[in-house]
Amino acid sequence: MILADSHCHLDFDELAPDFDTVMARARAVGIRRFVTIGVRVRQHARVLAKAEAHDDVFCTVGTHPHYADEETDISADDLIAHAHHPKVVGIGEVGLDTFLANAPWDAQMRNLRAHIVAARETRLPLVIHSVRQDEAMAQVLREESASGAFPIVMHCFSGGPALARTCLDLGAYLSFSGMLTFPERDYLREIARDLPADRILVETDAPSLAPVPYLDQRNEPAYLTHVVACLARLRGTSAETIAEQTTRNFFAAFEKIPPLEQLS
Ligand SMILES: [Zn+2]
Ligand SMILES: [Zn+2]
């Protein structure tokens, strides 16, 4: 099986103590590409260092809504400047989250719009974090897309059918994490079951959101196979088929990442 983890946080301290064995386990289950995601532009160097140290790791640059108020001075031009690096393949994560994140709404919205400008300019996918803000998110995405299209990856999709529909209308990819396996998430499994196959990505969001059977433990990229198995069950197909399709989608979504045959 060849897999790609479209969203993880390889620079987070939780993965540091046994980082090399974490990566070895991930590669052993077939993960050939990792996108390690930025959460603070001011700490971009640590994210980029992971990408520069490993041929199979790429990264993004952005401000997570949780840190929005720390980085309201970051401009679209700052993001674009970072995006020139060959290992930077996306803008984000950025978004709206009033459940887990408590940065002021205005700061979250301001940063979201600045990141959209950068995504539109660079043609790199905007990696969006959206929690319990379906209507506001759908409205911003529709409004901004109308003034100029930009590629979208909805990371750890947790919204309802209406947001899923808006995303599909805008050509976005919907990425599923271990949350898909959480017992109370039946509505999410229904959405994942019915989506067009060419719009689905998989991710771990490691070290957070470990899937069943590792609930509440530290997550790591190797557990991606549990997300793939869950999708396979829901969609009545094999894990191999899900792996093949989501890996193909991954390279379509993250166009800047060279195809597998061009790298070791
Ligand atoms: Zn997130
Ligand atoms: Zn994340």
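Where is Leu209 found? Leu209 sits in the loop between S8 and H8. We will come back to that loop. First, some ground rules.

This is a predicted model, where local features need pLDDT of at least 70, side-chain atom pairs count only at pLDDT 80 or more, and totals for chains, interfaces and linings use all residues. Residues are numbered from 1 along each chain as its sequence is written, chains are lettered from A and ligands numbered from 1 in the order in which they are written, and side-chain values use heavy atoms, with hydrogens and water left out.

Now the overall picture. The protein chain has 9 helices and 8 strands. Both are DSSP runs, numbered from the N terminus: helices are H or I with at least four residues, strands are E with at least two. The radius of gyration is 17 Å, close to the 18 Å that the globule rule gives for 264 residues, so the chain is as compact as a globular protein of that length. That radius is taken over C-alpha atoms, and the rule is 2.2 Å times the number of residues to the power 0.38. Along the principal axes, the C-alpha atoms fill a box of roughly 45 × 40 × 35 Å.

Of the 264 residues, 58% are buried. Buried means under 20% relative accessible area, exposed means over 50%, and partly exposed is in between, with a 1.4 Å probe and protein chains only. The accessible surface comes to about 10800 Å², and 51% of that belongs to carbon and sulfur atoms. Those areas come from the Shrake-Rupley method with a 1.4 Å probe; for residues, only the protein chains shown count as cover.

Next, contacts, meaning heavy atoms within 4.5 Å. Among contacts with a separation of 6 or more, 74% are between residues 24 or more positions apart.

On to the metal site. Which residues coordinate the zinc ion (ligand 1)? They are Glu93 through OE, His129 through ND1 and His155 through NE2, at 2.0 to 2.1 Å. Donors here are N, O and S atoms within 2.8 Å of the metal (3.2 Å for Na, K and Ca); water is not among the atoms, so sites may look incomplete. The donor spacing in sequence is E-x35-H-x25-H. Glu93 lies in strand S4 (residues 88-97) and His155 in strand S6 (residues 152-155), so this pair ties together parts that are 62 residues apart in sequence.

Glu93 is buried at 2% relative accessible area. A cis peptide bond joins Gly92 and Glu93, with omega about 10 degrees.

The histidines are buried too: His155 at 5% and His129 at 9%. His129 is in strand S5 (residues 126-131).

Now cysteines. How many disulfides does the structure hold? The count is 0, with a disulfide being a pair of cysteine sulfur atoms within 2.5 Å. For Cys8, the nearest cysteine sulfur is that of Cys59, 11 Å away. Cys8 is buried, at 0% relative accessibility. For Cys156, the nearest is that of Cys230, 13 Å away. Cys156 is buried at 7%. It is not a glycine, yet has a positive phi of about 45 degrees. Cys156 lies in the loop between S6 and helix H6 (161-169).

Back to the opening loop. Leu209 has a positive phi of about 60 degrees, although it is not a glycine. At 22% relative accessibility, Leu209 counts as partly exposed. Pro213 is in the loop between S8 and H8, and a cis peptide bond joins Val212 and Pro213, with omega about 10 degrees. Glu220 is placed between strand S8 (200-202) and helix H8 (224-235). Is Glu220 buried or exposed? Buried, at 3%. Its side chain makes a polar contact of 3.4 Å with that of Arg218. Beyond four places in sequence, Glu220 touches Val22, Arg25, Thr204 and Ala206.

One last residue. Val47 lies in helix H2 (residues 44-53) and is buried at 3%. Val47 and Ile37 are 10 residues apart in sequence and 7.1 Å apart in space, C-alpha to C-alpha.

Terms used. A polar contact is a pair of N or O atoms within 3.5 Å; within protein, one must be able to donate a hydrogen and the other to accept it, and residues adjacent in sequence count only if both atoms are side-chain atoms.
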